[in-house]
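Hello,

I am handing over a structure that I have just been through, and I hope you enjoy exploring it.

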Amino acid sequence: MRYTKRIFSVLLVLVLLPLFTFSEEEPDSVVWEEEDLSAPDTLLATDVFYHTPNEHSAVMCDHDVCFWRLDMGRMDEAQIWKVLTQPVTVIDGKQREQVRIPAEPDDLCRNYVGVVTCASQAVHVLREEGDWTLIEAYSSSEEGSAVKVFAEQFQGWVKTKRLKQVEVDQHYGLVIDKLQQRLYVFKEGKLFTTMLCSTGFAKDKTTLFHETPAGEYLMISWVGGFQAETLWCAYGIRINSGILIHEVPSREEVNSKTGEKTVSYRRCERYLGEKASHGCVRVQRQLTPEGVNAKWLWDNLSRNPCTKVIIWDDLDRDLAYPDDSLLLYYNPNGGENYHSQPTCSLVRDKFEPMTAFSYGELDQKPYKKLSPCPGCAPMPRKDKIDELNKKSRKH
Ligand SMILES: [Zn+2]
Ligand SMILES: [Zn+2]
């Protein structure tokens, strides 16, 4: 839609140009409007500075392209797609089996630097030495693990014979950004749709195991719905031991007057777009403008070969505010949300296309009271961006 508008304005200028003399303005100012046809930036905040996971590594790799050399948060579709379709190396074993990784290539070494989950967690292969391979990963230690390294990046040694290479699906891939709390679905090399999510939230040092570890994973098992205390989590797909991608949880609520039971998403849905879970990745149930939600992931992603998921860490990262000229949309006839696009799955056709306003006006009347739409993932308000930056991990 944005592009159509741009093209329209370029055409308008082209039509009007002959009416003006070129003495005041350079004529080629029209031609400059080169279209950037990469990902739609209406859906992306940008980082203040970009970091690669590699920047934290003691030993760096010499791969042309790999997860560890991607700028986290940068929507470079070509590079991301290469990574999403690359095979992965995993430690052979059962889905929930975890392996402690020693600091030295030595059977007697008891200094463990991290934990890797077998079968679903990819390891970054750095170099071989004798029977051993130096690998890198983010530690998948769980609550109660003997190795108290939670979601931290580490390098350590694995017996080479335990490693195996696994091919991944070539049609779809997922990117989860822990800073932005967005899940991006890639299809055939392009960003297809953007969803809101909630990854794990460590309130304090005693709940560090709630952090969702970054890294590369496979959607290893279609588990289905499960009960977590009072919450029901539908469409669970395992990506890392106890960590699943599932629908934002719902809860049965009883009306105190009528006794009528209803299923409500209220409690968890309002936290989508920020960290809130115990480690799982909650994703939206509302349809994105492209028609994607948690159920869609369940119905459409590949079980064999598995779809790859990459998770960007938020360590030492900060979001920048979007440009004030960024267009947002609302329905002036009683709409309560603001949207990223002029049409949205949550707005009735008769109110579309919606009315545009700019991000810079968002904190003014009448936009001040609008909430971010839970379907089309519009950029958060500036105070929410400050909050996301506060919730990101700092060294
Ligand atoms: Zn590499
Ligand atoms: Zn919307």
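Residues are numbered from 1 along each chain as its sequence is written, and chains are lettered from A and ligands numbered from 1 in the order in which they are written.

The chain has an average pLDDT (the predictor's confidence in each residue, from 0 to 100) of 90, and 89% of the residues score at least 70. Residues 1–39 fall below 50, and this stretch has 19 contacts in the model beyond near neighbours in sequence; two residues are in contact if their C-beta atoms, placed from the backbone, lie within 7 Å. Where pLDDT is low, the predicted coordinates should not be read in detail.

Now to the sheets. Strands here are DSSP runs (E, at least two residues), as are helices (H or I, at least four), and both are numbered from the N terminus. Two strands pair if DSSP finds at least two bridges between them.

One open sheet has 9 strands in the order β11-β18-β8-β9-β10-β17-β14-β13-β12, with mixed pairing. Its edge strands, β11 (215–218) and β12 (221–228), each pair on one side only. Strand β11 meets β18 (residues 308–312) in the antiparallel sense over 4 bridges, and there Leu 218 stands opposite Lys 308.

Another open sheet has 3 strands, ordered β4-β5-β6, and its pairing is antiparallel. Because β4 (124–129) and β6 stand at the edges with a single partner strand each, one side of each is left without a neighbour in the sheet. Strand β5 (residues 132–140) pairs with β6 over 8 bridges, with Ile 135 opposite Gly 156.

Next, the interior. A residue is buried if 20 or more other C-beta atoms lie within 10 Å of its own, exposed if 12 or fewer, and partly exposed in between, with C-beta atoms placed from the backbone. A nonpolar core is a set of buried Ala, Val, Leu, Ile, Met, Phe, Trp, Tyr and Cys residues joined through C-beta atoms within 7 Å.

The largest such core has 84 residues, and Ile 176, Ile 239 and Val 283 touch the most other members. Strand β6 (residues 150–159) gives the largest share of this core, 5 residues. The contacts of Ile 239, leaving aside residues up to four places away in sequence, include Tyr 217, Leu 218 and Val 309.

Helix α2 (residues 77–85) has Ile 80, Val 83 and Leu 84 buried. Seen down the helix axis, the buried residues of α2 fall within an arc of 100° (taken from the directions from the axis to the C-beta atoms), so they line one face of the helix. Among what covers them are β8 (172–177), β9 (182–187) and β18.

Strand β3 (residues 112–117) is largely enclosed by the rest of the structure, because 5 of its 6 residues are buried. Strand β2 (residues 98–102) pairs with β3 in the antiparallel sense over 5 bridges, and Ile 101 stands opposite Gly 114.

Finally, which residues does Trp 157 touch, not counting residues up to four places away in sequence? They are Ile 101, Pro 102, Glu 104, Pro 105, Trp 132, Thr 133 and Leu 134. Trp 157 lies in β6 and counts as buried because it has 21 C-beta neighbours inside 10 Å. Its C-alpha atom is separated by 5.7 Å from that of Pro 102, 55 residues apart along the chain.

Best wishes

Technical notes
Predicted model: local features only at pLDDT ≥ 70, side-chain atom pairs only at ≥ 80, totals over all residues.
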